[in-house]
Amino acid sequence: MPNAVLLAHGPLRPRLAAALTDFVYRSGGRIVSHEQYVDQEDARYYTRLEWETEAPRERIEADLRAGIGEPFDLRWTLRSSDHRPRIGVFVSKLPHCLYEILARVRSGEWRAEVPLIVGNHPDLEPVARTFGIEFLLTPVDGSNKRAQEERQVAALRERGVELVVLARYMQVLSDGFVAAYPDAIVNIHHAFLPSFPGAKPYHAARRRGVKMIGATSHYVTAELDAGPIIEQDVIRVGHRHSVEELVRLGRDLEKIVLARAVRLHLERRVVVHDGRTVVFD
């Protein structure tokens, strides 16, 4: 029997946590995990609650809405633990992040499906073909961006995609695209921004003698590279590292950090509120 997984946040109110646990026990459920965080500065409560239950989701949602959501002004989402989210992966030419995602899905490590890979270049179509996944080629330039994004969104919706992963997709998404998937587009990039922008950040960083490199994975918002951060990591480097070595280390970080971020999203461990994340890892 699958578990129910609740992500919720709201104003800090007396007996809120107790009301949630009482709700589970009154409905005959058994709590598997209950993680909580209180932001003292904002007086806001965050929680991830998972429990065993035989009740249908529709009844749980109705009872939650009436008994807790409305009385406590709680924002919440409910999912079943056996739900298999469908991922749309966007790529350009670099394959390292794409391979990482496909390997974790194919091996069964992630409870998810990838029905579609979207590319603005044809370079990674052979990878899609190897994994038996449909590849949609949508070359984007200044004259066709809107039309191509409409094709992309239509293709995602036709295939029931719930999460979009930008696996080193080298295009800026329009505000309209972002609005179609709020808090459901995950991006990855090196952590040199804003100090070393442009096409060759590792070259510029080496010239400045950087001592660490990193990667950042975040949700995409209308403001470029400023969305709520899900996961980050860094490693130490030094003057002995060549540009090629920095690039290799950076790509290793990118694929691992992206994979961590996607896993956290798939497992319903990320709450987004007011431009930041609370991550129950």
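The axes of helix α3 (residues 96–106) and helix α8 (residues 243–266) come within 9 Å of each other and cross at roughly 40°, where axes are lines fitted to C-alpha atoms, for helices over the stretch in contact, and angles run from 0 to 180 degrees between N-to-C directions. Because of this angle α3 is oblique to α8, a class that holds what remains once angles under 35 degrees are counted as roughly parallel, over 145 as roughly antiparallel and 65 to 115 as roughly perpendicular. The crossing of α3 past α8 is right-handed, that is, the near helix is turned clockwise from the far one by less than a right angle. On the side of α3 the contact (heavy atoms within 4.5 Å) is made by His 96, Cys 97, Glu 100, Ile 101 and Arg 104, and on the side of α8 by Arg 251, Glu 254, Lys 255, Ile 256, Leu 258 and Ala 259. Five of the residues in this contact are nonpolar, one is polar and five are charged, with Ala, Val, Leu, Ile, Met, Phe, Trp, Tyr, Cys and Pro taken as nonpolar, Asp, Glu, Lys and Arg as charged, and the others, Gly among them, as polar.

The model is predicted, and local features need pLDDT of at least 70, side-chain atom pairs count only at pLDDT 80 or more, and totals for chains, interfaces and linings use all residues. Residues are numbered from 1 along each chain as its sequence is written, and side-chain values use heavy atoms, with hydrogens and water left out.

Helix α8 itself has 24 residues and reaches 34 Å from its first C-alpha to its last, close to the 34 Å expected at 1.5 Å a residue. It is followed by Arg 268, whose phi is positive, near 60°.

Ile 230, which lies in strand β11 (residues 229–236), is buried at a relative accessible area of 6%, buried meaning under 20%, exposed over 50% and partly exposed in between, with a 1.4 Å probe and protein chains only. Leaving aside residues up to four places away in sequence, Ile 230 touches several others, among them Val 186, Tyr 219, Ala 261, Leu 264 and Val 279. The C-alpha atoms of Ile 230 and Val 278 are separated by 8.3 Å, although these residues are 48 residues apart along the chain.

Positive phi values also occur in two loops. Asp 183, in the loop between α6 (175–180) and β9 (185–190), has a phi near 55° and is partly exposed at 36% relative accessibility. Asp 274, in the loop between β12 (270–273) and β13 (276–279), has a positive phi of about 55° although it is not a glycine, and it counts as exposed at 70% relative accessibility.

Note on methods. Helices (H or I, at least four residues) and strands (E, at least two) are DSSP runs, numbered from the N terminus. The expected span of a helix is 1.5 Å times one less than its number of residues.
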